[in-house]
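Hi,

Here is the model I said I would pass on. Could you have a look at it, then read my notes below?

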Amino acid sequence: MELTESMVGDAVTRLRRAHGQLAGVISMIEAGEDCVKVLTQLAAVSKALDRAGFKIVASGLKHCQDAEARGERAPMKLEELERLFLSLA
């Protein structure tokens, strides 16, 4: 299934935010920042990545359900989406 901007707009925003946070974490490590501060920021990056992934899976699920509701063949089977979801969990 190809991703469109309308499907993943929010996920892209989250990934851009995570990208900036990760750059900040790298800078903190290079500057010798406190371990607690680094790990706190790293946890935030991890959560942002997880949420972006969940958003993409949720959008894919909605896209497939909408296709089926229109009488079209869904681009992915629900089992495939479930497997992708579980790979993030």
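**The aromatic pair**

Searching the whole structure turns up 1 aromatic pair (rings of Phe, Tyr and Trp, the last by its six-membered ring, pair if their centres lie within 6.5 Å; planes under 30 degrees apart count as stacked, over 60 as edge-to-face and the rest as tilted). The partners are F54 and F85, and the pair is tilted, with 5.4 Å centre to centre and 45 degrees between the planes. It links distant parts of the chain, as F54 is in helix α2 and F85 is in helix α3 (residues 78-88), 31 residues apart. Helices here (H or I, at least four residues), like strands (E, at least two), are DSSP runs, numbered from the N terminus. F54 is partly exposed at 31% relative accessibility, and F85 is partly exposed too, at 39%. For those labels, buried means under 20% relative accessible area, exposed over 50%, and partly exposed in between (1.4 Å probe, protein chains only).

Before the rest, some housekeeping. This is a predicted model, so to speak of local features we need pLDDT of at least 70, and side-chain atom pairs count only at pLDDT 80 or more, while totals for chains, interfaces and linings use all residues. Residues are numbered from 1 along each chain as its sequence is written, and side-chain values use heavy atoms, with hydrogens and water left out.

**Salt bridges**

How many salt bridges does a search of the whole structure find? There are 3, taking a salt bridge as a side-chain nitrogen of Lys or Arg within 4 Å of a carboxyl oxygen of Asp or Glu.

- R14 and D10 meet at 3.0 Å, N to O. They sit 4 residues apart in helix α1 (residues 5-30), which means about one helical turn separates them. R14 is partly exposed at 23% relative accessible area, and D10 is partly exposed at 35%.
- D66 pairs with K62, their closest N and O atoms being 2.9 Å apart. Both lie in helix α2 (residues 35-69), again 4 residues apart, about one turn of the helix. D66 is partly exposed, at 31% relative accessible area.
- R70 pairs with E72, with the closest N and O atoms 3.0 Å apart. E72 counts as partly exposed at 42% relative accessibility.

**Core and surface patch**

The largest nonpolar core has 6 residues: A18, V25, M28, V38, V45 and A48. The elements giving two or more residues to this core are α1 and α2. By a nonpolar core I mean a set of buried Ala, Val, Leu, Ile, Met, Phe, Trp, Tyr and Cys residues joined through side-chain atoms within 4.5 Å. Leaving out neighbours within four places in sequence, A18 is in contact (heavy atoms within 4.5 Å) with V45, A48 and L49.

On the surface, L22, I26, L39 and L42 form a nonpolar patch, with about 330 Å² of accessible area together. Helices α1 and α2 each supply at least two of its residues. L22 belongs to helix α1 and is partly exposed at 38% relative accessibility. Patch residues have over 30% relative accessible area and no salt bridge; like charges are joined within 9 Å, nonpolar side chains (Val, Leu, Ile, Met, Phe, Trp, Tyr) within 5 Å. Areas come from the Shrake-Rupley method with a 1.4 Å probe; for residues, only the protein chains shown count as cover.

**One more residue: A52**

Setting aside residues up to four places away in sequence, A52 touches A11, R14 and L15.

Cheers
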